[in-house]
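Subject: Structure handover

Hello,

Here is the structure for your files. My notes on it follow below.

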Amino acid sequence: MTSTHDTSAAPELDVLVAGGGAAGLAAAVTLARSRRTVTVVDSGSPRNAPAEGVHALLGREGISPAELLAAGRREVADYGGEILDGEITAVRRLEDGRFEATLAGSAGAVLTAKNLLIATGLTDELPEIPGLAEHWGRDVIHCPYCHGWEVRDRSILVLGTSPNSVHQAMLFSQLSDDVTFLAHSGPVDAEGARTLQTLGIEVVEGQAAGVEVGSGADVEAQEGRVAGIRLADGTVVPAEVIVVAPRMLARAEVFEDLGLQMEENPMGRFIAVDAAGGTGVPGVWAAGNVADLSAQVGAAAAAGTMAAARLNAELVMERL
């Protein structure tokens, strides 16, 4: 159930959840079941929207992302939680320690809450190679655990653009005997070259200029599907699947002024949290991909549940 009522006069919440993906909805269900007043604000643009199904999620293997989120929204509403379609554009801490969040597209509507749980996920920043974004989540993928079974035994090209690219090639070699590594960003170092050679992965030198797409005249390639990578010299390296390591960036800009500690690793940028989702900023929690770039749906949901349980326990201690 989605609410559209005037939030300008809304009562104070125990917890405002920013983001309605797996982490945010799992947190909201946990909080609502503990009889906390909780509202989830979600922009309706999940990271996994292009994917056909969610995988490695026990009991819901292959469920579509849209169906999973719709079920999660219903569960939140069933326990008295609220879902608002929208986006938080500004957050500030009031003098009494509460948080005031301003929503976009709602005539400046604001929500006030004692606690804030950030579960806004991340953005995948792809290399600027024509065609990658158009096929992202289908024929252009990054995670063997999210998509590997679906591309097993197909011809796979790993685009060497990051320190993680050789590792990706290692993992995908378990799923197909036809894996090629394109050294797009320059020669592979000695250790990486030995690894690829040992696994029987061919290394192709050259820079990617664009994704090659199949046409009706192709015998082996399906129309509209990836058929390979076109290099800068015009050569086409055939492949049915392209693997790329995106730079993953937490959707946290609007919250950073609260004093969050942002960290970076070779995969990208994220909010630093403790084991239960605490950010170190009083009253502010984070869960899911915004704090763990590699978390799949199941792990993100678990993190949301853990953060919500810890948050609820702290609220009980405050009352005590």
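Contact here means heavy atoms within 4.5 Å. This is a predicted model, in which local features need pLDDT of at least 70 and side-chain atom pairs count only at pLDDT 80 or more, while totals for chains, interfaces and linings use all residues. Residues are numbered from 1 along each chain as its sequence is written, and side-chain values use heavy atoms, with hydrogens and water left out.

L117 sits in strand 7 (residues 110-118); strands (E, at least two residues) and helices (H or I, at least four) are DSSP runs numbered from the N terminus. Its relative accessibility is 0%, so L117 counts as buried. The classes are buried under 20% relative accessible area, exposed over 50% and partly exposed in between (1.4 Å probe, protein chains only). Leaving aside residues up to four places away in sequence, L117 touches V15, L16, V17, A18, A27, W285, A287, A307, A308 and L311.

Two positive phi angles

Most residues other than glycine have a negative phi. R35 has a positive one, near 65 degrees. R35 is in the loop between helix 1 (22-33) and strand 3, and it counts as exposed because its relative accessibility is 78%. A56, also not a glycine, has a positive phi of about 60 degrees. A56 lies in the loop between strand 3 and helix 2 (65-78) and is exposed, at 55% relative accessible area.

A charged patch

D153, D177, D178 and E240 form a negative surface patch. Patch residues have over 30% relative accessible area and no salt bridge, and like charges are joined within 9 Å. A salt bridge would be a side-chain nitrogen of Lys or Arg within 4 Å of a carboxyl oxygen of Asp or Glu. D177 counts as exposed because its relative accessibility is 80%.

Regards

Technical notes
Patches are made of residues with over 30% relative accessible area and no salt bridge: like charges are joined within 9 Å, nonpolar side chains (Val, Leu, Ile, Met, Phe, Trp, Tyr) within 5 Å. Accessible areas come from the Shrake-Rupley method with a 1.4 Å probe; for residues, only the protein chains shown count as cover. Lys and Arg count as positive and Asp and Glu as negative; His and the chain ends are not counted. The place of a charge is taken as NZ of Lys, CZ of Arg, CG of Asp or CD of Glu.
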